[in-house]
Amino acid sequence: MAHKTCGMHIEDIKAELRKKYGPLTSISRDLGLSKNAVSATISQPGYSVLNERRIAKLLGRTVFEVWGKDRFHEDGTPVSQVADRTPTSRVPADLRRNVVAA
């Protein structure tokens with residue numbers, strides 16, 4: 001079963017921005033960003049939290065309403081996009097190749 005987010009659909013975000021402000025590249029330019037910054041922010045989670053907040057402000061909504069639980073918590077704090085790399089178990093010393101911890 002597909003994962004359903006509670007935020008807006010990406011195409012809905014783009015459409016609403018285009019209706020209010022014109023092409024995404026001109027919005028990027030008006031915000032003082034590179035020409036693809038708004039488009040990259042919409043399509044890539046974690047690209048720029050600041051730009052995600054700016055887009056939500058342009059739409060007149062909270063960041064949670066726009067991006068949903070995949071990118072922000074209900075209180076407006078961003079969800080960490082960094083993978084947790086902590087090991088779940090330790091390798092016994094007798095199974096280590098050099099028997100020396102790194």
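Of the 102 residues in the protein, 27% are buried, where buried means under 20% relative accessible area with a 1.4 Å probe, counting protein chains only. Please keep in mind that this is a predicted model, in which local features need pLDDT of at least 70 and side-chain atom pairs count only at pLDDT 80 or more, while totals for chains, interfaces and linings use all residues. Residues are numbered from 1 along each chain as its sequence is written, and side-chain values use heavy atoms, with hydrogens and water left out.

The protein has 5 helices and 0 strands, helices being DSSP runs of H or I with at least four residues, and strands runs of E with at least two, numbered from the N terminus.

Now to the pair: how do helix H1 and helix H4 cross? The axes of H1, residues 10–21, and H4, residues 49–59, come within 10 Å and cross at roughly 60 degrees, the axes being lines fitted to C-alpha atoms over the stretch in contact, with angles from 0 to 180 degrees between N-to-C directions. The two helices are therefore oblique to each other, a word for angles that are not under 35 degrees (roughly parallel), over 145 (roughly antiparallel) or 65 to 115 (roughly perpendicular).

Which residues meet there? Ile-13, Glu-16, Leu-17, Lys-20 and Tyr-21 in H1 meet Ile-55, Leu-58 and Leu-59 in H4, contact meaning heavy atoms within 4.5 Å.

Terms used
Buried < 20%, exposed > 50% of the residue type's maximum accessible area, 1.4 Å probe, protein only.
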